[in-house]
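Hi,

Here is the structure I promised to pass on.

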Amino acid sequence: MAFDKVLVVDDDQNICDLLRLYLEDAGYSVIISNDGKEAVNKFKALKPDIVLLDYMLPSLDGRGVCKEIRKDSDVPIIMISAKSETTDKVVGLELGADDYIAKPFDAREVIARIRAVSRRMGVSTTEQEVNQEVRYDKLVVNKTRYELRVNGKVLDTPPKELELLYYLASNPNHVYTRDQLLDEVWGFEYYGDSRTIDVHVKRLREKLADVSPHWALKTVWGVGYKFEADEE
């Protein structure tokens with residue numbers, strides 16, 4: 001999957017112009033919005049492949065825009081904001097953002113992250129012939145279609161949540177540290193902190209609570225996380 005169309009949402013026109021310059025030079029089509037409500041309308045009308053979203057916006061802030069997008073879409077969202085405190089990052093991720101970059105930033109870093117997400121979600125022709133899927137009692141995680149099915153019902157799940165669950169469920173009863181999960185799921189180009197893992201695990205647990213007694217997403221205190229499953 002290639003992210004050809006990028007929606008940039010920021011009330012600073014200079015930042016928008018800078019990102020447009022770098023993104024178009026890298027081969028992307030760019031949509032610009034300086035207003036939260038307008039951004040939601042453009043997202044629905046123009047259907048971008050990825051969203052670069054500022055935190056502070058007129059009419060509707062980044063949190064509100066993220067909530068509106070997540071009602072109907074799992075398109076990757078990278079929040080870009082001067083709010084660099086950990087609590088602000090966590091709030092953004094809990095609302096459904098897939099990544100968070102603090103201002104000031106290097107435009108080349110933004111492009112590197114877009115490309116990293118594109119590679120993680122990319123499926124080659126050869127890979128398409130192999131259905132990347134793990135199954136447990138009342139749970140199906142399909143990475144080929146980016147689909148999470150619980151109790152037979154498909155749940156809207158952002159790409160990073162699904163990739164994290166797929167990785168853990170593909171390696172049941174194996175304990176991974178947060179740094180290992182960042183390396184394996186986010187990739188070496190990710191510059192965030194390990195709290196990102198905690199936020200995504202929390203959201204997954206909300207979706208998977210009390211589904212089955214035969215498996216669970218477990219915390220191994222002082223180490224990290226594992227997908228605990230009954231031995232066959």
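Predicted model: local features only at pLDDT ≥ 70, side-chain atom pairs only at ≥ 80, totals over all residues.

Below is what turned up, starting with the whole chain and then going through a few spots.

The overall picture first. The chain has nine helices and twelve strands. Buried residues account for 48% of its 232 residues. If you take the contacts between residues at least 6 apart in sequence, 59% of them join residues at least 24 apart. The accessible surface of the chain is about 11400 Å², and 47% of that belongs to carbon and sulfur atoms.

Now for the aromatic rings. Searching the whole structure gives three aromatic pairs. In one of them, Tyr136 and Phe227 sit 4.8 Å centre to centre with 50° between the planes, a tilted pair. That pair links distant parts of the chain, with Tyr136 in strand β6 (residues 133-136) and Phe227 in strand β12 (residues 224-229), 91 residues apart. Tyr136 is partly exposed, at a relative accessible area of 23%, while Phe227 is buried, at 0% relative accessibility. Phe227 also pairs with Trp215: the ring centres are 5.6 Å apart and the planes are at 15°, so this pair is stacked. Here Trp215 belongs to strand β11 (residues 215-220) and lies twelve residues from Phe227 in β12. Trp215 is buried, as is Phe227. Put together, the ring pairs link Tyr136, Trp215 and Phe227 into a cluster.

Strand β7 (residues 139-142) runs antiparallel to strand β8 (residues 147-150), and four bridges join the two. Val150 has Lys153 as its bridge partner in β9. The hairpin of β8 and β9 has two residues between the strands, and in it Asn151 has a positive phi near 55°.

Last, helix α8 (residues 178-186). Which of its residues are buried? They are Leu181, Leu182, Val185 and Trp186. These residues cover an arc of only 105° around the axis, so they lie on the same side of α8. Asp179 and Asp183, on the other side of α8, are exposed. After the helix comes Gly187, with a positive phi near 95°.

Cheers

Methods:
Residues numbered from 1 in each chain as written. Heavy atoms only, no water. Buried < 20%, exposed > 50% of the residue type's maximum accessible area, 1.4 Å probe, protein only. Arc of directions from axis to C-beta. Pairing = 2+ DSSP bridges. Contact = heavy atoms within 4.5 Å. Areas by Shrake-Rupley, 256 points an atom, 1.4 Å probe, with all protein chains shown as cover. Phe/Tyr/Trp six-rings, centres within 6.5 Å; stacked < 30°, edge-to-face > 60°.
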